[in-house]
Amino acid sequence: MKQADRIYYGGDYNPDQWDDATVAEDMRLFRQAGINLLTLPVFSWAKLEPEEGVYDFGWLDAIIDRIWQNGIRVCLATPTAAQPAWLSTRYPEVLPVDIQGRRRTHGMRVFFCVNSLKYRERAAAIAHEFGRRYAHHPALAMWHVANEYGTSCYCPACQAKFRLWLRQRYGGIEELNARWNTAFWGRTVYAFDEIALPTELNDDYRFNPAVQLDYMRFLTDCTVECFNNERDVLKSYNPEIPVLTNTSGFIKKLDQFAFARNLDAVGWDNYPWPQDPPHFVAMKHDIMRGLKGGQSFVLAEQSPNQQNWQPYNRLKRPGEVRLLSYQAMAHGADTCLFFQMRQSAAGQEKFHGAIIGHSGRSDTRVFREAEALGKELAALGDRFLQARTPARVAFLMDWNSWWALELASGPSRDMDYLKTLSAYYRPFFARNIAVDFVDPAADTDYSGYALVVAPMLYMTKPGVAEALTEYVRGGGHLLATVMTGLADENDRCVFGAYPGKLREAMGIWVEETDALRPEEGNGLAVCGPLKLPRERYACGFLCDVLHAESAEVLAVYADDFYAGTPCVTRNRFGAGTAWYVGTQPEDAFLDDLTDAICREAGVEGLYASEPGVEATRRVGERGATVFLLNHNAHLACADLGGARLADLLTGEKLTGRVELPGRGVRVCREL
Ligand SMILES: [Zn+2]
């Protein structure tokens, strides 16, 4: 695959919205800002194919040549995220049907049925036009298919295909009945034609979660097919050009591990909410890096200033775009791309930030910051491209588990998988301990990890618990939590006590789980062999009433009828150790427990730093690159100890205490 030779800097550009004079001015400003990659024409299907099979590519040919004459490369996007009106009008079956059975109207983007054969036919046809024209264009850096997939559909075509998908998955109807446990509520089906898409949702009872779970798997598979429909066309013209798409910031609805297997590189759009803490953003980057086993990813979009679609669209403060950009690169991005280069005159996103705003001026704060960042990235060259992040801690992230956990009715409506991952991730972030996110499968190799963290691994698919058990037996540390090991891959609860097949490794069994109201809490009293800085901590949300079998009890509940019973345990198993937290402790406990586990597992952070200061390290062919990032608005420090670094941007030599101004960044090499 063709590799980049520099950090790609730029983003979405929509020249079809502008006249010639504006485009000429844009080229001048792009050169000034150090832009070297433009993504286009993401939404231009209607202009490129004004009627079925009639193409007008002349304007795109001209603009690509013009961009290339200005020394800028292109990420060429098939424009299939927004089908033209004639396609929706002539073939209404391309439009999605929503969960209430309404065939939706034309006018939105990413608003098509991924299973529509007509959509796929026309999408492949225009992908052929792209391949034929541009697959060997010297400006072409990568292909970008469609945009932010993730539209559900409940049309007759999807209904028929879902039945076929189930037939292929389960073989016979008896097997399906067993897997879905349809005996409950008398939901037995006698033929695949009797199966309905899960469209009945109401406030009292949810649809059978096993059916809903399979629908989400089905939607992932169909969306992957829809992507591959175009990918295969593009690859047929030039297999060297990487093909990717961009994942929306909201990443729950499609299994991204399954999707990523079909991509040459992961691309994602980072739009943090103003209130998102830095560790939450860092975690999402780490998840994206994990999708292809630690391979660097494409930061496909971020806003060079405020967004427009949040309730309150705060300006990014001076230095904030630079900080967020380097944070992405610190966690594995090899690009720094924005939506968008020039702010659109009208439409849904007219108030979305852009490098060139409505004023059209280059003497704005946003443009000046973009220009300064462009100069820095040019100076960094190919320093850390394709560099990996060495990590000795793995977090398990399973989309199926995420869906099933949050589809469950009970024990608590507040179960939030991403929030729980984030709560356990935060202490590692605060200690500058690198974390990989991995997909728990039967053949996942944990041997490189000293510690595996599995927050709310509700579902254990075949072989997963066995692999984790062997990992612990062989000397690994495993940290599991409440709501782990309850169900199989079809959301059937395990018999023989939770945490199911992990019971032996954990050395406990869970008898029942209390769900507290948000205003309620319990306490956690530290006891036994583990010394922590405090004797009491708060806990709440969910409280397992559990029994230690071979495990040592590290903490017990302080209150309620289960006061004095275990809530945190540690089990020596084989050559390893399995830790279990049966409740949701306050953050201070997770900090102290993380310290204790890391001490035992021999895991250390990169450097010490003050709160809000982050340090990461990427290692590649050109050596190690260290990123120091201050997420505070005020000055704060990292402590390098005896390590010696050189700032790649200023040339300064650094050791010991390093001051970083508010939102300051240092990109360094090791001496
Ligand atoms: Zn459909």
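**Close-up views of a predicted model**

View 1. For reference, ideal angles for four tetrahedral donors are 109.5 degrees. Cysteine 153 and cysteine 155 are both buried.

**View 2. An open, parallel sheet.** Strands S6, S7 and S8 form an open sheet of 3 strands, in the order S6-S7-S8. The pairing is parallel. Strand S6 (246–247) and strand S8 (298–301) are the edge strands. Each has a single partner strand, so one side of each lacks a neighbour in the sheet. Strand S7 (residues 267–269) pairs with S8 over 3 bridges. Aspartate 269 is placed opposite glutamate 301 in S8.

**View 3. Threonine 569 and its contacts.** Threonine 569 is part of strand S18 (residues 566–573). Its relative accessibility is 0%, so threonine 569 counts as buried. Leaving aside residues up to four places away in sequence, threonine 569 touches Ile508, Leu546, Ala551, Glu552, Val553, Leu554, Ala578, Trp579 and Tyr580.

View 4. With a disulfide taken as two cysteine sulfur atoms within 2.5 Å, the count is 0. Two cysteines illustrate this. For cysteine 336, the closest cysteine sulfur belongs to cysteine 75, 14 Å away and therefore too far for a bond. Cysteine 336 is buried, because its relative accessibility is 0%. For cysteine 567, the closest cysteine sulfur is in cysteine 539, at 5.5 Å, which is also too far for a bond. Cysteine 567 is buried as well, with a relative accessible area of 0%.

**View 5. Aromatic pairs.** The whole structure contains 32 aromatic pairs. One of them is formed by phenylalanine 184 and tryptophan 185, and this pair is stacked. Their ring centres are 5.3 Å apart, with 20° between the planes. Phenylalanine 184 and tryptophan 185 are both exposed. In another pair, the ring centres of tyrosine 446 and tyrosine 471 are 5.7 Å apart. Their planes meet at 55°, so this pair is tilted. The pair of tyrosine 446 and tyrosine 471 links distant parts of the chain, 25 residues apart. Tyrosine 446 sits in the loop between strand S11 (435–438) and strand S12 (451–454). Tyrosine 471 belongs to helix H15 (residues 464–473). Tyrosine 446 is buried, at 4% relative accessible area. Tyrosine 471 is buried too, at 10%.

**View 6. An aromatic cluster.** Five rings are shown: Tyr154, Phe162, Trp165, Tyr215 and Phe218 form one aromatic cluster.

**View 7. Helix H11, largely enclosed.** Helix H11 covers residues 320–330. Of its 11 residues, 10 are buried, so the rest of the structure largely encloses the helix. The buried residues are Glu320, Val321, Leu323, Leu324, Ser325, Tyr326, Gln327, Ala328, Met329 and Ala330.

View 8. Glycine 410 and proline 411 are joined by a cis peptide bond, with omega of about 0°. Proline 411 lies in the loop between helix H13 (399–407) and helix H14 (417–430). The peptide bond from tyrosine 498 to proline 499 is also cis, its omega near 0°. Proline 499 is found in the loop between strand S13 (477–481) and helix H16 (503–506).

View 9. Valine 110 is not a glycine, yet its phi is positive, about 45°. Valine 110 lies in the loop between helix H4 (85–90) and helix H5 (117–134). With a relative accessible area of 8%, valine 110 is buried. Alanine 146 is likewise not a glycine and has a positive phi of about 50°. Alanine 146 is located in the loop between strand S4 (140–145) and helix H6 (156–170). At 0% relative accessibility, alanine 146 is buried.

Terms used:
Residues are numbered from 1 along each chain as its sequence is written. This is a predicted model: local features need pLDDT of at least 70, side-chain atom pairs count only at pLDDT 80 or more; totals for chains, interfaces and linings use all residues. Side-chain values use heavy atoms; hydrogens and water are left out. Buried means under 20% relative accessible area, exposed over 50%, partly exposed in between (1.4 Å probe, protein chains only). Two strands pair if DSSP finds at least two bridges between them. Helices (H or I, at least four residues) and strands (E, at least two) are DSSP runs, numbered from the N terminus. Contact means heavy atoms within 4.5 Å. Rings of Phe, Tyr and Trp (its six-membered ring) pair if their centres lie within 6.5 Å; planes under 30 degrees apart count as stacked, over 60 as edge-to-face and the rest as tilted.
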